[in-house]
Amino acid sequence: MGWQRILRVQRPGDLFFRGITLLFVLIVLGLVAGTAWILISNSLPTIRRFGFSFLTNKAFDPVHDVYGVLPAIFGTLMTSAFALIFAVPLGLGAAIFLVDFCPRSLRLVLAFLIDLLAAIPSVIYGLWGFLVLAPWLHNAGEPWLQQHLGFLPLFAGQPEGVGYLGAGIVLTMMILPLIISVSREVMLVTPIAQREALLALGATRWEVIRHAVLPFARVGILGGVILALGRALGETMAVTMIIGNQANEPSLSLFTPGYTLASVIANQFGEATPGLFLSAIIEAGLILFIITLITNILARWLIASLQRQAQGSRGGRP
């Protein structure tokens, strides 16, 4: 039987299909490696000139050829963390409602509307944030937060409308549909037998969700969260239009205008001249590329760990 299996593997159709799929993998790896090489090679002037200080310098000054992206790195991480803190519980709760509590007549309508929100271009979110959200935050939202929660570092400072708070809210709205859609699809494939078994034992609906649905769907939910984080880290236009675009001292205050790595690239690339200026912008892109790569590696490791734990709890069965 062994030689028959070898002959079956060596059939021309199988070899051709295997070669094509391998080619596709190599193309993807080549694109990633080529992108990394272009970013690194074009960043060498600033890497040689500033070294590690490029990450710690707070000034991005083309006039005096002094460049640093510490405020942009801080702004990228802060706005993305803000968006995840609010989007994950909201998205997970909305997905649970759509799967288990929403009337059947509304499920498809609400799911369609949520998918439609995910398809809205980011510049539309940015326009809404600049024209509607920022004035409201300046006149009402931030003064109210300062009055009632001003003792916290997050709500200290002068309300300005544009800043980390507005950018975080816009990012939350942008990644929320993605988390809801992925979480909902994963929950829908939970085996009916698991639900019925717990219900037969007298479990409440919440206990079924807690002990059957969420453990089964947690890997998929985490994957959706990572996709949302990737969009938050790399979002450009919407954040650029509402974050204020000022290289200020890193501050915990959400009222402070700031920068992200993506907004630095969007604002400065059109005026960049060959030399250190252009190299600094490309190195900002390289740093964003590295942050995204590290995030995805950690996410894959975490997902693999969850899968191993799930297989171990089931006695090794897939």
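According to its unreviewed UniProt entry, residues 73-299 of this chain carry the annotation "domain: ABC transmembrane type-1". In this predicted model, that stretch is 77% helix and 0% strand, with its end C-alpha atoms 20 Å apart. Here is a short tour of what else you can look for.

**Annotated transmembrane regions**
- The unreviewed UniProt entry marks residues 20-40, 72-99, 106-128, 161-180, 212-233 and 276-299 as "transmembrane region".
- Residues 20-40 are 100% helix and 0% strand, and their end C-alpha atoms lie 30 Å apart.
- Residues 106-128 are 87% helix and 0% strand, with 27 Å between the end C-alpha atoms.

**The largest nonpolar core**
- This core has 64 residues, and Phe-60, Tyr-67, Val-69, Met-187 and Leu-261 have the most contacts inside it.
- Several helices give two or more residues to this core, including H4 (70-101), H6 (122-149), H9 (205-234) and H12 (276-313).
- Helix H7 gives the most, with twelve residues.
- Find Tyr-67 and look around: leaving out residues up to four places away in sequence, Tyr-67 touches Phe-50, Phe-54, Asn-57, Ala-59, Phe-60, Asp-61, Pro-62, Leu-276, Phe-277 and Ala-280.

**Two backbone angles to notice**
- Most residues other than glycine have a negative phi.
- Asp-65, however, has a positive phi, near 55°, and lies in the loop between helix H3 (53-56) and H4.

Methods:
Residues are numbered from 1 along each chain as its sequence is written. This is a predicted model: local features need pLDDT of at least 70, side-chain atom pairs count only at pLDDT 80 or more; totals for chains, interfaces and linings use all residues. Side-chain values use heavy atoms; hydrogens and water are left out. A nonpolar core is a set of buried Ala, Val, Leu, Ile, Met, Phe, Trp, Tyr and Cys residues joined through side-chain atoms within 4.5 Å. Buried means under 20% relative accessible area, exposed over 50%, partly exposed in between (1.4 Å probe, protein chains only). Helices (H or I, at least four residues) and strands (E, at least two) are DSSP runs, numbered from the N terminus. Contact means heavy atoms within 4.5 Å. UniProt positions are given in the numbering used here, feature names are shortened, and annotations may be inferred rather than shown by experiment.
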